[in-house]
Amino acid sequence: MPYDLKQEFESASIKHLLFKSKLRSFLYGSGTSEAPIRDPQACIFGHWIAERALPEFGHLPETRELDRAHIKIHHVANRLMDLHQRGHKEEAIAGLSEINALADHITKLLRTMEQKLRAEQ
């Protein structure tokens, strides 16, 4: 493979972490753009999945799982943002534990994908 897998997956992880930090900012009242948090297609990690992961690494079962987990984390984020906007701020912030569990799962999938792709090289 002509590109650096380590760099590819570090970049993907950073994009994923950016989503988490934007959601936290929103829930703690620091205004931020809603679209990249609400819409899996508007998020830069979603772009990476659609444009790089699925076409290039789609043969790995983890890639499909990553796509599903990414969509799910956005569904949960939408629910928390809606709670926040309806004035249930504490409940919304408490929901970050669910986001963190999903985020950890995504991080593990990324690591597994990178390891499997290294083994293929």
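These legends describe close-up views of one predicted model. Residues are numbered from 1 along each chain as its sequence is written, and side-chain values use heavy atoms, without hydrogens or water. Local features need pLDDT of at least 70, and side-chain atom pairs count only at pLDDT 80 or more, while totals for chains, interfaces and linings use all residues.

**View 1. Helix H1 and its ends.** Helices are DSSP runs (H or I, at least four residues), numbered from the N terminus. H1 covers residues 5-27. The expected span is 1.5 Å times one less than the number of residues, so the 23 residues of H1 should span 33 Å. The end C-alpha atoms are 34 Å apart, which agrees. Asp4 caps the N-terminal end of H1. A side-chain oxygen of Asp4 lies 2.9 Å from the backbone nitrogen of Lys6. Gly29 follows H1, with a positive phi near 90°.

**View 2. The buried residues of H1.** Buried means under 20% relative accessible area, exposed over 50%, and partly exposed in between (1.4 Å probe, protein chains only). Among the buried residues of H1 are Phe9, His16, Phe19 and Lys20. Their cover includes helices H2, H3, H4, H5 and H6.

**View 3. Thr107 in helix H6.** Thr107 lies in H6. Thr107 counts as partly exposed because its relative accessibility is 22%. Thr107 and Ser13 are 94 residues apart in sequence, yet 6.9 Å apart in space, C-alpha to C-alpha.

Definitions and conventions: Helix = DSSP H or I, 4+ residues; strand = E, 2+ residues; numbered from the N terminus. Contact = heavy atoms within 4.5 Å. Polar contact = N/O pair within 3.5 Å; in protein donor to acceptor, adjacent residues only side chain to side chain.
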